[in-house]
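Please keep the structure in view while reading.

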Amino acid sequence: MTDDRLSLGAGLSGRGVIVTGAASGIGRATARLAAACGARVCGVDVNGPALRSEMREWQNPDRHLAIEIDLTGAAAPRTVVDGVLEEFDDLWGLVHCAGVLIRRSSTAEITREDWDIQHDVNLKAAFFLNQAVGEALKARGGGGRMVTLSSQGWWTGGSHGSVVYSASKGGIVSMCRGLSTAYAPHGIMVNSIAPGVVDTPMLGVGLTSEDLDAIAASCPMGRLARPEEIAQVAVFLLSTHASYVSAATINVSGGLLFY
């Protein structure tokens, strides 16, 4: 018999876990891995057809829940949390991967609309979902985990046309530090992950194949990360192994970032 304490996802069996952005990229890889570790996963995405198609491929899909929703809506956080509690009668963790990147060719081309949508999706929605999950976990007792995806851009500032995206991801780091202070006394660990360059649809926004080759070459490992390599860290942070990890920003960049 396998000892669950030796598993990457120790403690996740049967627990309710929310993963946003679960239809593609890092969110999809994280949702798949959490489900494989025995969690009951609530996959959340604005692209409902892609989300449902993905989750139908999992083993025992009826154990899980798909919620198609725009997380920028004022009622969205409560809708997601209430849906999980009603369906699973349990809530243990959140991995918030949903985000949007608008890349311009220069800083001068960035508009107010670019600023608003990226901060609404990447930071404002992230805060209010974390708040709703954190308060639900606190009310239930027993601790929990909250993980939000930042980016290598929080440290580097991003390139000229992605400075707004990077600013929103810098906000994620500060937000998670503050939320950790609020929730750690209740046994709720709050952390962020700063991926480097990851082979996802978002990375390719506005870039040519030559651009992507140059980005891969800029990493000391000489390649892009696979989404699964970020998901493994996210599931570790959900697990009971991470019982004394809070307010951390985990660098998963293949040596691209130094901190």
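Is the crossing of helix 3 and helix 4 left-handed or right-handed? In this predicted model, the crossing of these two helices is right-handed, and the points below set out that packing together with two further topics.

**Helix 3 with helix 4**
- The axes of helix 3 and helix 4 cross at roughly 40° and come within 8 Å.
- Helix 3 contributes P77, V81 and L85 to the contact, while helix 4 contributes F128, L129, A132, V133, A136 and R140.
- By residue class, this contact of helix 3 with helix 4 comprises eight nonpolar residues, one charged residue and no polar ones.

**Helix 4 with helix 6**
- Helix 4 (residues 112-140) also packs with helix 6 (residues 163-183), at an angle of about 15° and with the axes 9 Å apart; because angles under 35 degrees count as roughly parallel, the two helices are described as roughly parallel to each other.
- The residues that make this contact include W115, L123 and F127 of helix 4, and Y165, I172 and M175 of helix 6.
- The contact of helix 4 with helix 6 divides into eleven nonpolar, eight polar and two charged residues.
- The crossing of helix 4 and helix 6 is right-handed.

**The loop residue L71**
- L71 lies in the loop between strand 3 (65-68) and helix 3 (76-88), and L71 is buried, with a relative accessible area of 12%.
- Leaving aside residues up to four places away in sequence, L71 touches T20, V44, A76, V80, H96, A98, A125 and L129.

Methods:
Residues are numbered from 1 along each chain as its sequence is written. This is a predicted model: local features need pLDDT of at least 70, side-chain atom pairs count only at pLDDT 80 or more; totals for chains, interfaces and linings use all residues. Side-chain values use heavy atoms; hydrogens and water are left out. Axes are lines fitted to C-alpha atoms, for helices over the stretch in contact, and angles run from 0 to 180 degrees between N-to-C directions. Helices (H or I, at least four residues) and strands (E, at least two) are DSSP runs, numbered from the N terminus. Angles under 35 degrees count as roughly parallel, over 145 as roughly antiparallel, 65 to 115 as roughly perpendicular and the rest as oblique. A crossing is left-handed if the near helix is turned anticlockwise from the far one by less than a right angle, and right-handed if clockwise. Contact means heavy atoms within 4.5 Å. Ala, Val, Leu, Ile, Met, Phe, Trp, Tyr, Cys and Pro count as nonpolar, Asp, Glu, Lys and Arg as charged, and the others, Gly among them, as polar. Buried means under 20% relative accessible area, exposed over 50%, partly exposed in between (1.4 Å probe, protein chains only).
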